[in-house]
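Could you walk me through this protein, one selection at a time? I have the viewer open and would like to know what to click on next and what is there.

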Amino acid sequence: MDRIIKNYIDSFWEKNSFSDSINDSKIFEHFVNYTIIDHRVEDSIDIDDLNIGDEGTIGIDGFALVIDKKLFTDYEALKEYLEMASLSSIFVEVYFTQSKTSSKFDLKEIVLFGRAVADFVSQDRKLIWSNLAKERMKLFDLIFNYSTKFKENPNCYLFYVSLGNYIGDQNQESTKSRIIEDIKRENLFYNIYFEYIDTNSLQNRYKKLGQALQKSIEFEQRITIPKINNVTESYLGIVKAKEILKLISDEESIIPNVFYDNVRDFQGENSVNKEIRDTLSTENKETFVLLNNGITIVTESIKPSRNTFTLTNYQIINGCQTSHVLYNCRELLDDTVYVSLKLVSSTDIDLTSKLIRSTNRQTAINEQDLIAFSEFQRKLEDYYKTYKGSNQLFYERRSKQFISNSVEKSRIIDKATQIKVIGSFVFEKPETSTRFFGTLFKEFKNRLFRSNDKLIVYYTAAFAFFKIQECLKKGIIPSKLKKFKFFILMMLRYELKISNVQFESKQTEKDCEEILKVLNDEIALKNVINKITEKITSITDFDLDSLETSKLKTFGDRCKSFYFPKT
């Protein structure tokens with residue numbers, strides 16, 4: 001392992017606060033999975049969720065099922081999402097990785113990787129798989145029960161990683177071709193991609209993660225909009241469609257996070273998008289600029305140099321459909337195809353929210369789409385900032401807003417995690433933690449994020465969850481109980497004799513302060529955690545080895561019975 005890769009891995013290890021007991025091989029697997037998958041999804045991910053190489057899984061280290069830029073690891077959450085989806089609306093990707101620290105691309109290992117992937121996707125599996133791998137197979141099998149929801153068949157990606165230099169000899173390339181052909185026989189995928197990643201490629205991929213998104217376009221046909229409060233500079237004009245491609249894609253595919261704040265994700269081949277495609281397919285494609293509403297971009301900064309504009313940390317807040325169709329029809333684009341462009345440089349969150357609402361009036365906006373822009377969310381983020389040192393957490397209102405900072409990942413609490421910890425700590429429903437974010441938000445939206453809520457309740461629930469995660473990493477909580485961490489969060493409150501939590505109550509505020517004192521007392525916290533784990537491990541009427549147990553309300557009731565016995 002060269003010094004540069006080792007330095008990257010050391011940095012990755014520190015940022016993710018892995019246990020000291022984790023071995024170098026496992027850290028490398030995590031590093032590879034993170035490097036390959038993280039930029040493919042819009043939300044923060046738990047790195048452990050990508051690894052299926054434990055428990056004797058053969059040939060595959062990492063697996064990810066990504067639908068519409070969301071990582072799915074739970075069967076019920078996936079089923080909820082698929083049932084809510086409309087026909088021909090979802091975009092599915094599956095990823096497989098194999099990681100080797102050796103300095104060569106071993107043909108036997110490559111063949112084993114290919115064989116394992118082919119068996120994984122087969123209906124007639126022959127290999128012996130671990131329980132974790134079988135759980136992921138259930139997810140994979142489930143999506144094909146909803147194949148009418150696909151925009152197109154899923155794309156499949158295979159990555160074989162080694163710390164050597166890939167020279168692409170004939171044997172390696174022919175092996176890759178045979179593996180792709182084997183997988184094609186299942187007739188499941190729209191496209192199958194297989195890539196060898198060597199040391200240089202791995203370095204370059206990791207360096208890109210967390211870098212500010214910066215691209216340059218030629219923007220000649222423009223006018224400058226007069227000065228506006230909270231706007232650094234803004235322009236109206238038209239650009240060649242090819243310039244938009246520079247902003248929305250890299251050498252691999254469309255860049256997902258460019259569209260995160262766009263409240264309408266790509267809707268597939270609907271009637272409007274078909275019209276866009278049809279226009280580009282005719283001899284009159286130059287009329288596209290007149291027929292299309294164009295694109296609105298908000299960016300942190302613009303650096304103009306004559307007609308070359310360099311944008312930093314930009315997002316397309318209107319024009320998601322147009323952008324995707326342009327990308328899908330990129331072979332049809334020439335210098336006669338222009339797009340209307342509204343370009344705004346501003347960091348004002350209120351202005352961004354208003355722009356999103358005003359430029360997306362033709363489509364209904366869901367509350368959860370704009371949750372990040374609410375006044376309460378801004379207050380909550382600022383409240384988190386009041387805690388320093390070992391108590392510091394970071395509330396992530398917007399997807400991956402801290403990715404470019406050297407922030408310990410376990411200290412980042414995103415919106416989904418915040419709702420899950422409140423669901424367990426306050427509403428006493430830890431079994432809901434595996435559910436899809438949209439479903440959770442719908443269930444709890446009228447009970448949280450209200451203007452008079454005490455912010456300390458949200459922070460305390462999140463900090464307690466963070467400390468439970470720390471106890472798992474230190475081995476204070478046995479690893480087999482990881483699946484019950486949200487139940488432990490609920491029980492922690494009971495252990496501290498806090499039977500009731502009211503968001504607007506002054507007593508609750510005092511209770512939270514007392515809970516935080518215990519969380520910051522290492523000995524006291526360990527004693528509380530030990531009592532909880534003793535209670536859980538004493539349960540014999542539920543299967544503690546089954547992931548399904550963590551989804552049962554009856555298991556939550558069983559945990560409550562230690563504190564509130566039936567009379």
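Is Thr 432 buried or exposed? Before you select anything, keep in mind that this is a predicted model. Now pick Thr 432, which you will find in the loop between α14 and α15. Thr 432 has a relative accessible area of 6%, so this residue counts as buried. Show its surroundings next: leaving aside neighbours within four places in sequence, Thr 432 is in contact with Leu 440 and Phe 444.

**Stop two: the largest nonpolar core**

In soluble globular proteins, nonpolar side chains tend to be buried together. For an example, select Ile 422, Leu 492, Ile 536 and Phe 555, the residues with the most contacts inside the largest nonpolar core, a group of 63 residues. Colour the helices that give two or more residues to this core: α13 (375–384), α14 (415–425), α15 (437–444), α16 (455–474), α17 (485–495), α18 (506–519), α19 (522–537) and α20 (553–560). Which of them supplies the largest share of the core? That is α16, with 14 residues.

Zoom in on Phe 555 for a moment. Apart from its neighbours within four places in sequence, Phe 555 has contacts with Phe 484, Phe 487, Ile 536, Ile 539, Phe 542, Leu 544 and Thr 549. Then move over to a second, separate core, which has 45 residues, including Ala 77, Leu 82, Phe 113 and Leu 158.

Select Gln 98 in strand β3, which covers residues 92–100. Its relative accessibility is 4%, so Gln 98 counts as buried. Not counting residues up to four places away in sequence, Gln 98 touches Gly 59, Ile 60, Asp 61, Glu 109, Phe 113, Phe 159, Tyr 160 and Val 161.

Now select Val 121, in the loop between α4 (107–120) and α5 (131–143). Val 121 is buried too, because its relative accessibility is 3%. If you again skip residues up to four places away in sequence, Val 121 touches Phe 96, Phe 140, Ile 183, Glu 186, Leu 188 and Phe 189. Try the distance tool as well: from C-alpha to C-alpha, Val 121 and Ile 316 are 35 Å apart in space, and 195 residues separate them in sequence.

**Stop four: the cysteines**

A disulfide is a covalent bond between the sulfur atoms of two cysteines. How many disulfides does the structure hold? The count is zero.

**Last stop: a cavity**

Rolling a probe the size of a water molecule over the atoms shows where empty space is left. Here the count comes to two cavities of 30 Å³ or more. What lines the second largest cavity? Select Thr 73, Asp 74, Tyr 75, Glu 135, Leu 139, Leu 547 and Lys 551 to display its lining. The volume of this cavity is about 30 Å³. Sorted by class, its lining has three nonpolar, one polar and three charged residues.

Methods: Residues are numbered from 1 along each chain as its sequence is written. This is a predicted model: local features need pLDDT of at least 70, side-chain atom pairs count only at pLDDT 80 or more; totals for chains, interfaces and linings use all residues. Side-chain values use heavy atoms; hydrogens and water are left out. On a 1 Å grid over the protein atoms alone, a cavity is a set of points where a 1.4 Å probe fits but cannot get out, and a pocket is an open set with protein on both sides within 12 Å along at least five of seven lines; lining residues have an atom within 4 Å of a point. Grid points are joined across faces, edges and corners, and a volume is the space filled by probe spheres set on the points. Ala, Val, Leu, Ile, Met, Phe, Trp, Tyr, Cys and Pro count as nonpolar, Asp, Glu, Lys and Arg as charged, and the others, Gly among them, as polar. A nonpolar core is a set of buried Ala, Val, Leu, Ile, Met, Phe, Trp, Tyr and Cys residues joined through side-chain atoms within 4.5 Å. Buried means under 20% relative accessible area, exposed over 50%, partly exposed in between (1.4 Å probe, protein chains only). Helices (H or I, at least four residues) and strands (E, at least two) are DSSP runs, numbered from the N terminus. Contact means heavy atoms within 4.5 Å. A disulfide is a pair of cysteine sulfur atoms within 2.5 Å.
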